[in-house]
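Here's a quick briefing to read with the model open beside you.

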Amino acid sequence: MPINDTGYEIRFRIFGIPVTVHPFFWLASLILFGGDVVSIRDGHPILNLVGMMAVVFISILVHELGHSAMMAWFRIRSEIVLYAMGGYARSTGGRGFNRGLWDQVLIAFAGPLAQFVLFGVVWLVVRYAPPIPPNSYLSYDAVIFVALYCNFVWPLLNLLPILPLDGGQICQGFTRMIQGQYRGDVTALWISIITGGVLAVLAIQNRIYFGGIFLIYITIQNFQSLDQRSGRW
Ligand SMILES: [Zn+2]
């Protein structure tokens, strides 16, 4: 998905990997936390919001760096783009992303894995560092909660076998190994559609409307991909 420049992108390099942060990234995390931040008792609402947005930024950057590090292991150069409520790491050259099947599985798994490692680090720091008393600047409890939540729940959801999530890529790697490229893709799409459809219904029933709409959106996209693919064989 090519994203047009707005002129407000932040660009930098980390470990030699080019990173672009789209302004929608900040807007989306503002929308995510903006409503709840006023109900936090300690700290200043604006500083709490900035703290939580910083945590989301670091968490998603670490996720994408996991993908990029695994790509570098396979001698694939990559760049990272952070956009809306997520991001992606994509190959830009090197040995080329030949969709080798174990490469695909390991590259997809490395993103959630990096977040689980970050979760472990935050958990250990919280467990063994002395408690910080409440203050009027920043609610450490709120920031730590967001750090633990983002790096545990998000990577777990990302591992669901639904394309184009990381779990969908992992699933597609395995179905391609078993059935070959085309049949494997069709099977991975059907698994995505069934899982996405069932979870969309459960989400809507439980009033998780944002998640439900997101699942319906990607399920429709997977149906369209299936349509395009089924003509090939
Ligand atoms: Zn990922």
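The side chains of Glu 79 and Arg 90 make a polar contact of 2.7 Å, where a polar contact is a pair of N or O atoms within 3.5 Å, one able to donate a hydrogen and the other to accept it within protein, and residues adjacent in sequence count only if both atoms are side-chain atoms. Keep in mind that this is a predicted model, so local features need pLDDT of at least 70 and side-chain atom pairs count only at pLDDT 80 or more, while totals for chains, interfaces and linings use all residues. Residues are numbered from 1 along each chain as its sequence is written, and side-chain values use heavy atoms, with hydrogens and water left out.

**Glu 79 and the salt bridges**

- The Glu 79–Arg 90 pair is also a salt bridge, with the closest N and O atoms 2.7 Å apart; the term means a side-chain nitrogen of Lys or Arg within 4 Å of a carboxyl oxygen of Asp or Glu.
- Glu 79 sits in strand β3 and Arg 90 in strand β4 (residues 86–94), so the pair ties together parts that are eleven residues apart in sequence.
- Strand β3 itself covers residues 76–83; helices (H or I, at least four residues) and strands (E, at least two) are DSSP runs, numbered from the N terminus.
- Glu 79 is buried at 17% relative accessible area, whereas Arg 90 is partly exposed at 35%.
- For those labels, buried means under 20% relative accessible area, exposed over 50%, and partly exposed in between (1.4 Å probe, protein chains only).
- Leaving out residues up to four places away in sequence, Glu 79 touches Ile 17, Pro 18, Tyr 88, Ala 89, Arg 90 and Thr 92, with contact meaning heavy atoms within 4.5 Å.
- The structure holds two salt bridges, and Arg 176 with Asp 185 forms one of them, the closest N and O atoms being 2.6 Å apart.
- Both Arg 176 and Asp 185 are buried.
- As background, side chains of opposite charge can pair when their charged atoms come close.

**Overall build**

- There are eight helices and four strands in the protein, and from the N terminus the order goes β-β-α-α-β-β-α-α-α-α-α-α.
- The radius of gyration is 19 Å, close to the 17 Å that the globule rule gives for 233 residues, so the protein is as compact as a globular protein of that length.
- That radius is taken over C-alpha atoms, and the globule rule is 2.2 Å times the number of residues to the power 0.38.
- Of the 233 residues, 40% count as buried.
- Take the contacts between residues at least 6 apart in sequence, and 62% of them join residues at least 24 apart.

- Trp 102, Leu 106, Phe 174, Met 177 and Ile 178 make a nonpolar surface patch of about 500 Å².
- Patches are built from residues with over 30% relative accessible area and no salt bridge, joining like charges within 9 Å and nonpolar side chains (Val, Leu, Ile, Met, Phe, Trp, Tyr) within 5 Å.
- Helices α3 (101–128) and α6 (166–179) each supply at least two residues of the patch, and α6 gives the most, with three.
- Met 177 lies in α6 and is partly exposed, with a relative accessible area of 31%.

**Leu 124 in α3**

- Leu 124 is found in helix α3 and counts as partly exposed at 45% relative accessibility.
- From Leu 124 to Ala 110 is 14 residues in sequence and 21 Å in space, C-alpha to C-alpha.

**Ser 139**

- Look for Ser 139 in the loop between α3 and α4 (140–150), where this serine counts as buried at 1% relative accessibility.
- A 3.4 Å polar contact joins the side chains of Ser 139 and Asp 42.
- Not counting residues up to four places away in sequence, Ser 139 touches Ile 40, Asp 42, Gly 43 and Asn 48.

**Thr 219**

- Thr 219 belongs to helix α8 (residues 209–230) and is buried, at 11% relative accessibility.
- The side chain of Thr 219 reaches the backbone oxygen of Leu 215 at 2.7 Å.
- Beyond four places away in sequence, Thr 219 touches Ile 193, Gly 196 and Gly 197.
- Thr 219 and Leu 163 are 56 residues apart along the chain, and their C-alpha atoms are separated by 8.6 Å.

Methods
Areas by Shrake-Rupley, 256 points an atom, 1.4 Å probe, with all protein chains shown as cover.
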